[in-house]
Amino acid sequence: MGTWDAGPFDNDTAADFAGRLDAAVPERRTGLLHAALEQALVPGYLESDEAAEAVAAAALVAAQCPGGEPVDPAYGPKSPIPLVGAELADLAVRVLDRVGLPECELAELWADSGEEERWRERLARLRGVLAGSGG
């Protein structure tokens, strides 16, 4: 899974997503967040890379909410993310709910890792911030 910790950007897929955000012109960054969140809500089995990218997108949205944690400066995007609205917070809450379900490969991988509880706690904190913002 290319993961070194339970944070939203502590894996290769999310770090690559951050790089794509940095490479995009500022006007496209919000669209990339939206696309990552929407892709994770497509019905069917959710692959780990899509889920990891969506969790990273959710963390970027949560970082803009009251009580949101700053994104990891080492692996998160270096360029600023334009302000996002409540629509993305709503999508991010739905994504975090979906990522924790059995039909998500990322949830399976974390269950196999022995660190599932810590990962789920991280998701719950993100979800709490997003839901508190009206999501």
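Q: What makes Arg-20 count as partly exposed?
A: This is a predicted model, and the value computed for Arg-20 is 41% relative accessibility. Buried would need under 20% and exposed over 50%, so Arg-20 counts as partly exposed.

Q: Why is the contact between Glu-53 and Arg-20 called a salt bridge?
A: The cut-off for a side-chain nitrogen of Arg and a carboxyl oxygen of Glu is within 4 Å. For Glu-53 and Arg-20 the N to O distance is 2.3 Å, so the pair counts as a salt bridge.

Q: Which parts does the pair of Glu-53 and Arg-20 tie together?
A: Glu-53 sits in helix α3 and Arg-20 in helix α1, so the bridge links parts that are 33 residues apart in sequence.

Q: How many salt bridges does the structure hold?
A: Seven. One of them joins Arg-120 and Glu-116, with the closest N and O atoms 2.8 Å apart.

Q: What separates Arg-120 and Glu-116 along helix α6?
A: About one helical turn, because the two are four residues apart in that helix.

Q: Are Arg-120 and Glu-116 buried, exposed or in between?
A: Arg-120 has 30% relative accessibility, and Glu-116 has a relative accessible area of 26%. The in-between class starts where buried, under 20%, stops, so Arg-120 is partly exposed and Glu-116 is partly exposed too.

Q: What makes Glu-115 and Arg-118 a salt bridge?
A: Their closest N and O atoms are 2.9 Å apart, and the limit is 4 Å. Glu-115, at 33% relative accessibility, counts as partly exposed, and Arg-118 does so at 38%.

Q: Which residues are linked with Glu-115 and Arg-118 in a network?
A: Asp-5 is. Asp-5, Glu-115 and Arg-118 are linked in a network of salt bridges.

Q: How do you know that Asp-10 has no salt bridge?
A: The nearest side chain of opposite charge is Arg-122, at 5.0 Å. A salt bridge has to be within 4 Å, so Asp-10 goes without one, even though Asp-10 is buried.

Q: Where is Asp-10, and what does its side chain reach?
A: Asp-10 is in the segment before α1 (12–23). Its side chain reaches the backbone nitrogen of Gly-7 at 2.9 Å, and the limit for a polar contact is 3.5 Å, so this distance falls inside that limit.

Q: What lines the largest pocket?
A: The largest pocket has a volume of about 220 Å³. Its lining has 16 residues, with Pro-8, Glu-69, Pro-70, Arg-122 and Leu-126 nearest the centre. Two elements give two or more residues each to this lining, α3 (48–62) and α6 (116–132), and α6 gives the most, with four residues.

Q: What classes of residue make up the lining of the largest pocket?
A: Eight are nonpolar, three polar and five charged.

Q: What about the second largest pocket, which residues are closest to its centre?
A: That pocket holds about 180 Å³ of space. Of its 19 lining residues, Thr-3, Asn-11, Ala-52, Leu-106 and Trp-110 are closest to the centre. The elements giving two or more residues are α3, α5 (105–113) and α6, and by class the lining has 11 nonpolar, five polar and three charged residues.

Notes
Residues numbered from 1 in each chain as written. Predicted model: local features only at pLDDT ≥ 70, side-chain atom pairs only at ≥ 80, totals over all residues. Heavy atoms only, no water. 1 Å grid on protein atoms, 1.4 Å probe; cavity = no way out; pocket = protein on both sides within 12 Å on 5 of 7 lines; lining within 4 Å. Points joined across faces, edges and corners; volume = space filled by probe spheres on them. Nonpolar A, V, L, I, M, F, W, Y, C, P; charged D, E, K, R; others polar. Buried < 20%, exposed > 50% of the residue type's maximum accessible area, 1.4 Å probe, protein only. Lys, Arg positive; Asp, Glu negative; His and termini not counted. Polar contact = N/O pair within 3.5 Å; in protein donor to acceptor, adjacent residues only side chain to side chain.
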